[in-house]
2 protein chains.
Amino acid sequence: MNISANLFTDLPANLPKELVTTLLQAADVRIERIVSHGHASPEGFWYDQGQSEWVIVLQGAATLRFENSVLEMKPGDFVNIPANKKHRVDWTTPDQPTVWLGVRYAATP
Amino acid sequence: MNISANLFTDLPANLPKELVTTLLQAADVRIERIVSHGHASPEGFWYDQGQSEWVIVLQGAATLRFENSVLEMKPGDFVNIPANKKHRVDWTTPDQPTVWLGVRYAATP
């Protein structure tokens, strides 16, 4: 993807699995576009990441699950997920592609 | 703004100047919401920043000017602005608030 482009273009019509595209990679930050279409994390799977991640839903709808809470997300909703906070994608809408923007970054020391 | 919130809420009806809200501050990254409504950079003013900045327009419309180029931006359009690349906001639409998401980060060494 170019240095200047549009987040909502090139959404695949068929999406056998979640599609992650790196938009920017710098020393301590990576910006990604994540496209899901009805995908969820595998049963029993939890993300447990060494980096922190700030994510926003920009199209579609999704449900994020943490160990003790559930977050239903619609366009514009964002959340910060600290490093090693377990989470999983419980659901994304089957109606249209869900487009997320994610910013992975090193946790503050 | 809370750790979990919506980017498109709390848009002020009256906006005497550009409104910048920090959504996340970490060691080497700051995520900001920027709301403009018909604002432009002052005549003759150029941003010349020590940090790099990745920005995306998510609502509204804007024109960014660089020393040798002009970029018309609509929702979903993003661009990476390296540190010390001079730029200015030439125009934002008067029709509605323009909402940007900006990620400031240290340039790769």
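Colleague: How many residues of chain A are in contact with chain B?

Modeller: In this predicted model, 33 residues of chain A contact 33 residues of chain B.

Colleague: And what area do chain A and chain B bury between them?

Modeller: About 2,400 Å², with 70% of it on carbon and sulfur atoms.

Colleague: How many salt bridges are there between the two chains?

Modeller: The count between chain A and chain B is 0. For polar contact, the rule finds 8 residue pairs across the interface, both residues at pLDDT 80 or more.

Colleague: Which strands of chain A supply at least two residues each to the side that touches chain B?

Modeller: Strands S1 (4-6), S2, S3, S4 (52-59), S7 (77-81) and S9 (98-105) of chain A. The largest share comes from S7(A), with 4 residues.

Colleague: How do the residues on that side of chain A divide into nonpolar, polar and charged?

Modeller: On the side of chain A that touches chain B, 23 are nonpolar, 7 are polar and 3 are charged.

Colleague: Switching to S2 and S3 of chain A. Do they run parallel or antiparallel, and how many bridges join them?

Modeller: Strand S2 (residues 19-25) and strand S3 (residues 29-36) of chain A run antiparallel, joined by 6 bridges.

Colleague: Which residue in S3(A) is the bridge partner of A:Thr22?

Modeller: A:Glu32. Both S2 and S3 of chain A are also among the strands that each supply at least two residues to the side touching chain B.

Key. Residues are numbered from 1 along each chain as its sequence is written. Chains are lettered from A and ligands numbered from 1 in the order in which they are written. This is a predicted model: local features need pLDDT of at least 70, side-chain atom pairs count only at pLDDT 80 or more; totals for chains, interfaces and linings use all residues. Side-chain values use heavy atoms; hydrogens and water are left out. Two strands pair if DSSP finds at least two bridges between them. Contact means heavy atoms within 4.5 Å. Buried area is the accessible area (1.4 Å probe) that two parts lose on being put together, summed over both. A salt bridge is a side-chain nitrogen of Lys or Arg within 4 Å of a carboxyl oxygen of Asp or Glu. A polar contact is a pair of N or O atoms within 3.5 Å; within protein, one must be able to donate a hydrogen and the other to accept it, and residues adjacent in sequence count only if both atoms are side-chain atoms. Ala, Val, Leu, Ile, Met, Phe, Trp, Tyr, Cys and Pro count as nonpolar, Asp, Glu, Lys and Arg as charged, and the others, Gly among them, as polar.
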